[in-house]
Amino acid sequence: MVEKYSEEILAFIQTECLSHDGGFQSQHRVFATKRGWFLRPTVKLDPVAELFLYDFVYRNRSLFKSSLPATRKVLGYRIVGGAPIPILQSYQDYKKAIAKNRESYSCHAFFDVASYFNRIYHHDLVAWWENLGGVPDDVAILGKFLRESASGRTVDCLPQGIYPAKMIGAAFLNFLENSNRIRCAESVRLMDDMWLFDDDPAILISDFLTAQSLLSDRGLSINEQKSGIVETAGQQFELPLNLDEMKIRLLQRRREQLIQSGYSDSESEASDDNDLGEELSAEEHEYLLSLLKPDNVPEEDAELVLALMQDHSSDILEYLPTLICDFPGLAKRMYHFCAKVLDKNEVAAVVLKYLNGGTQITEYQLFWLGMMVEGYLLKTPKAGTLLVSLYEHDDATDISRAKILEIPENAFGLPDLRHEQLRSGHSDWPAWAAAIGSRTHPKGQRNHLLRYFRKSSKMNRLIGEFVENVF
């Protein structure tokens, strides 16, 4: 919709969302899966809300320009020359700055803000934007968006995972660099991860306490497991004992591949047709396979194998059931990896067995398995059964079902599922996705259904008009 209908969406925002009696819809709660079985709660913005946030930040990009002293580095999450700074580049600069300062100073402190995005306070964000120089209309608009999209919640009101929200989250913490009470010689920050450097441990202790006080004033605190003070250089963050020379070399290759693929986001994946570097040697190939043989494979090892062995995917097939089952946080990586597996029938069989195995499956996994079916499993004999299993799974959610409903495929009973949603009178993700999925239906039949779908809400009207007018 953004690619093909952005002008109409922006007009909708002005007339329907920002008018006196209009507003933004409450956004749908979702959970991204982190390492292990930990979840990151956030919201999935509807097309209108998402374009609003991108447009709002882009229009005001000049307010995000850094005017901090050279000794206070804040890296990443800005727009330069009309384009966002690639996250991988920012992360590399961040690691280099930390390494350089650790060599230059005898002491350092580091901290991470605990559950940062989920604890930002609505009124603090609005006040920050006003102090930043936002015009009064935009101050009011930002407050309205945060309040209405979060259903009136005053905390956990800023979406996660998309670049404009990350820009806001990163810039909001600039009060740490602007404070004259923090006196260390150098500091480096990427989003909510900050390092302080000095030769005087007393200064670092004072700054460490001051930073916690400044954060506390805004309802924030540090993560004790990811924070600390080191008074002698080299005491922290030495290489783990099990990080041998081969793994170091492969991790470096992984980093080089990310650079070559031109990542713009830390969680993005390389495109399927990227040439990701030189061929693995026989020794490296055997080493990577050996990482999958222990009973308890660390998730970072599984991710490394999936990242580097895309061109040797047939050698991983025997491990595929275990990888899919044991590592829910790698569902997106699994989607990209399996795109290179030549035997798609085997992939389909593994996925179907997993879906029918009675195992707890996260929303994040179900979504990316749906992406997998749409992307390259629709021509397998099990495609229909896979789609039904995903749609009717006990752990399926509105968002994972919406992924199935928007697939532009007229076989496997999908038109009937979409018709059910379009006739329901609902204005939610399954209904919107069904409308988008119906774009390949016979035009007359489709437009007849959409005529009634459009009457349920203003959002339904916008989406229905988009499908009717563009397809």
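Analyst: Of the 471 residues in the protein, 53% are buried. That word denotes a relative accessible area under 20%, whereas exposed denotes over 50% and partly exposed the range in between (1.4 Å probe, protein chains only). The model is predicted: local features need pLDDT of at least 70 and side-chain atom pairs pLDDT 80 or more, while totals for chains, interfaces and linings use all residues. Residues are numbered from 1 along each chain as its sequence is written, and side-chain values use heavy atoms, without hydrogens and water.

User: How many helices and strands are there in the protein?

Analyst: The protein contains 21 helices and nine strands. Both are DSSP runs numbered from the N terminus: a helix is a run of H or I of at least four residues, a strand a run of E of at least two.

User: What makes the protein as compact as a globular protein of that length?

Analyst: The globule rule takes 2.2 Å times the number of residues to the power 0.38, and the radius of gyration is taken over C-alpha atoms. For 471 residues the rule gives 23 Å, and the radius of gyration is 24 Å, which is close to it; the protein is therefore as compact as a globular protein of that length. Along the principal axes, the C-alpha atoms fill a box of roughly 75 × 65 × 40 Å.

User: Among contacts between residues at least 6 apart in sequence, what percentage join residues at least 24 apart?

Analyst: The figure is 71% of those contacts, a contact being heavy atoms within 4.5 Å.

User: Why is strand E8 called largely enclosed?

Analyst: E8 spans residues 193-198, and five of its six residues fall in the buried class, so the rest of the structure largely encloses this strand. E8 also has strand partners, where pairing requires at least two bridges found by DSSP. Strand E6 (residues 107-112) is joined to E8 by six bridges and runs antiparallel to it; there Asp112 stands opposite Asp193. Strand E7 (residues 186-190) is likewise antiparallel to E8, with five bridges, and Glu186 has Phe197 of E8 as its bridge partner. Two residues lie between the strands in the hairpin of E7 and E8, where Met191 has a positive phi near 55°.

User: How do you know that helix H13 is mostly covered?

Analyst: H13 covers residues 331-338, and eight of its eight residues are buried. Among them are Lys332, Arg333, Tyr335 and His336.

User: Is Tyr77 buried or exposed?

Analyst: Tyr77 has 9% relative accessibility, which is below the limit, so this residue counts as buried. Tyr77 is in the loop between E3 and E4, and its phi is near 60°, a positive value in a residue other than glycine.

User: Why is Arg183 called partly exposed?

Analyst: The relative accessible area of Arg183 is 49%, which does not pass the limit for exposed, so the residue is partly exposed. Arg183 lies in the loop between helix H7 (175-178) and E7. Beyond residues up to four places away in sequence, Arg183 touches Arg72, Asp198, Ile203, Ser206 and Asp207. Arg183 and Phe197 are 14 residues apart in sequence and 9.7 Å apart in space, C-alpha to C-alpha.

User: What makes Asp156 buried?

Analyst: Its relative accessible area is 13%, a value under the limit, so Asp156 belongs to the buried class. Asp156 is in the loop between helix H5 (136-149) and helix H6 (163-172), and has a positive phi near 55°.

User: How many bridges join strand E1 to strand E2?

Analyst: Six bridges join E1 (residues 28-33) to E2 (residues 39-44), and the two strands run antiparallel. Val30 has Thr42 in E2 as its bridge partner. Their hairpin has five residues between the strands, with Gly36 in the turn at a positive phi of about 70°.
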